[in-house]
Amino acid sequence: MTNNFKRLLVAFPATLIVLGCGAAQAGKTVEEAGVLVCVSDKWDEKEPEKGHKLVDYSGRCVKVPDDPAALKATEACEGKYEYMPDGSWKGSGTCTATNTGGDTISVTWEEGSHLKTNPYKATGGTGKFKDVDGGGTYQYDQLTETLFGGRYSSKWELP
């Protein structure tokens with residue numbers, strides 16, 4: 001895996017970036033920010049033609065909110081990337097985050113050479129996050145061949 005491909009790897013995975021709503025209450029808007037640390041479990045790269053690469057990705061993340069009272073979360077993410085001969089690239093996928101209480105939020109994420117920050121959006125949830133709406137953005141840097149770290153910010157609307 002080349003440095004450019006590895007650098008672009010973790011979405012968020014993502015993704016990712018969702019469940020620090022420890023003090024979440026129904027009918028409330030919850031904003032949070034924190035640190036994101038991810039590991040790549042799978043980076044299956046194929047090159048159907050010279051300079052055009054397709055990648056299947058899966059990974060896991062830990063989300064640590066800046067607010068020590070907020071719930072920590074783990075994420076399981078997967079997605080697909082496409083790298084073009086002109087150097088442009090894009091990726092998208094899904095993550096499911098599970099907080100320390102067992103409630104989940106599912107999100108879709110997007111990355112690409114055309115973006116300055118990577119957006120994600122809620123697609124569903126369980127427990128206190130059932131019918132959650134909202135999302136946020138994230139950025140990260142490659143730390144080692146398979147580890148990535150960065151920051152996220154989220155805004156959730158709880159029904």
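How far apart are the sulfur atoms of Cys38 and Cys61 in the disulfide that they form? The points below begin with that pair. The model is a predicted one.

1. The Cys38–Cys61 link. The sulfur atoms of Cys38 and Cys61 are 2.1 Å apart, and the two residues form a disulfide. Cys38 belongs to strand S1 and Cys61 to strand S2, so this pair ties together parts that are 23 residues apart in sequence. The torsion about the S-S bond is about 105°, and the disulfide of Cys38 and Cys61 is therefore right-handed. Both Cys38 and Cys61 are buried.

2. The Cys77–Cys95 link. Cys77 is also joined to a partner, Cys95, by a disulfide, with an S to S distance of 2.0 Å. Strand S3 holds Cys77 and strand S4 holds Cys95, so the bond ties together parts that are 18 residues apart in sequence. The link of Cys77 and Cys95 is right-handed, with 115° about the S-S bond. Cys77 has a relative accessible area of 4% and is buried; Cys95, at 2% relative accessibility, counts as buried as well. The cut-off applied here is under 20% relative accessible area.

3. The disulfide pattern. The structure holds two disulfides. When the bonded cysteines of the protein are numbered in sequence order, the pairing reads 1-2, 3-4. A disulfide is a covalent bond between the sulfur atoms of two cysteines.

4. The nonpolar core. Which residues have the most contacts inside the largest nonpolar core? They are Tyr81, Ile105, Trp109, Tyr120, Val132, Tyr138 and Trp156, in a core of 25 residues. Two or more residues of this core come from each of the strands S1 (29-49), S2 (52-65), S3 (73-83), S4 (89-99), S5 (104-112), S6 (118-125), S7 (133-142) and S8 (147-157). Strand S1 gives the largest share, four residues.

5. Tyr120 is among the residues with the most contacts inside the largest nonpolar core. The side chain of Tyr120 is also joined to that of Ser154 by a polar contact of 2.4 Å. Ser154 is located in strand S8, a strand that gives two or more residues to the core. Is Ser154 buried or exposed? Its relative accessibility is 5%, so Ser154 counts as buried.

Methods
Residues numbered from 1 in each chain as written. Predicted model: local features only at pLDDT ≥ 70, side-chain atom pairs only at ≥ 80, totals over all residues. Heavy atoms only, no water. Core = buried A, V, L, I, M, F, W, Y, C linked by side-chain atoms within 4.5 Å. Buried < 20%, exposed > 50% of the residue type's maximum accessible area, 1.4 Å probe, protein only. Disulfide = S-S within 2.5 Å. Polar contact = N/O pair within 3.5 Å; in protein donor to acceptor, adjacent residues only side chain to side chain.
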